[in-house]
Amino acid sequence: MQTSWIMEAITYKYYQEKYYGNILNEEDFKRYEKKARRKLSSFTFGRIDCLQNVPDEVGDCICGMAEKISLEESKENFSGIVSESTDGHSVTFEKKQSIEQMNKELYLIAVGYLNNTGLLYGGVCLCSTARNW
């Protein structure tokens, strides 16, 4: 199994002291950081797995995505009341997001942090492929 360089870079200490996160406790952060890192690796076509020095943009992106995943997973099938009518007593509840909607929102987080880094580029990076020839 190949080990990712980024695996040890995003710690709970980073989350608290550099990202200034306060939504997740340490145990939850470990779980959601791993999910966010895997999703970001997919969005970057594995480029973050090869980083020897992890830029703050990547660390912050993973933290932001971890918080989003946590908030979404904490919702039950039906969350809070969105609207209520008293005459006919109609109540509308907020629903959990679909997987597609969640992926779109996670991708938008990634774009917000990594837009100008080249990590989201979908083409072939000649610098990295030339090493393998």
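User: Which loop holds Tyr 20?

Analyst: Happy to start there, keeping in mind that this is a predicted model. Tyr 20 is not a glycine, yet it has a positive phi of about 60°. The helix on one side of it is H1 (12-17). Tyr 20 lies in the loop between helix H1 and H2.

User: Is Tyr 20 buried or exposed?

Analyst: Exposed means over 50% relative accessible area. Tyr 20 has 65% relative accessibility, so it counts as exposed.

User: What phi does Phe 45 have?

Analyst: Most residues other than glycine have a negative phi. Phe 45 is found in the loop between H2 and H3, and its relative accessible area of 53% makes it exposed. Although it is not a glycine, its phi is positive, at about 55°.

User: At what angle do the axes of H2 and H3 cross?

Analyst: H3 covers residues 56-74, and its axis comes within 8 Å of that of H2. H2 passes H3 in a right-handed crossing. The angle at which the axes cross is roughly 115°.

User: How many charged residues are in the contact of H2 with H3?

Analyst: On the H2 side, the contact includes Phe 29, Tyr 32, Glu 33, Ala 36, Leu 40 and Phe 43, and on the H3 side it includes Val 58, Cys 61, Ile 62, Cys 63, Ala 66 and Glu 73. By class, twelve residues of this contact are nonpolar and one is polar. The number of charged residues is five.

User: How are H2 and H4 oriented to each other?

Analyst: H2 spans residues 26-43 and H4 spans residues 99-114, and their axes are 11 Å apart. They pack at an angle of about 75°. Angles of 65 to 115 degrees count as roughly perpendicular. H2 and H4 are therefore roughly perpendicular.

User: Which residues of H4 does H2 meet?

Analyst: The contact of H2 with H4 has six nonpolar, one polar and one charged residues. From H2 come Lys 39, Leu 40 and Phe 43. The H4 residues they meet are Asn 103, Leu 106, Tyr 107, Ala 110 and Leu 114.

User: How far apart are the C-alpha atoms of Gly 112 and Glu 57?

Analyst: Gly 112 is in helix H4 and is exposed, with a relative accessible area of 63%. Along the chain, Gly 112 and Glu 57 are 55 residues apart. Their C-alpha atoms are separated by 9.3 Å.

User: How many disulfides does a search of the whole structure find?

Analyst: A disulfide needs two cysteine sulfur atoms within 2.5 Å. For Cys 63, the closest cysteine sulfur is in Cys 61 at 9.2 Å, which is too far for a bond. Cys 63 is buried at 0% relative accessibility, while Cys 50 counts as exposed at 53%. The number of disulfides found in the whole structure is zero.

User: What share of the residues of the protein counts as buried?

Analyst: Let's end on the whole chain. Among contacts with a separation of 6 or more, 64% are between residues 24 or more positions apart. The protein has 133 residues, and the share that counts as buried is 31%.

Key
Residues numbered from 1 in each chain as written. Predicted model: local features only at pLDDT ≥ 70, side-chain atom pairs only at ≥ 80, totals over all residues. Heavy atoms only, no water. Axes fitted to C-alpha atoms, helices over the stretch in contact; angles between N-to-C directions. Helix = DSSP H or I, 4+ residues; strand = E, 2+ residues; numbered from the N terminus. Parallel < 35°, antiparallel > 145°, perpendicular 65-115°, else oblique. Contact = heavy atoms within 4.5 Å. Nonpolar A, V, L, I, M, F, W, Y, C, P; charged D, E, K, R; others polar. Left-handed = near helix turned anticlockwise from the far one by under 90°. Buried < 20%, exposed > 50% of the residue type's maximum accessible area, 1.4 Å probe, protein only.
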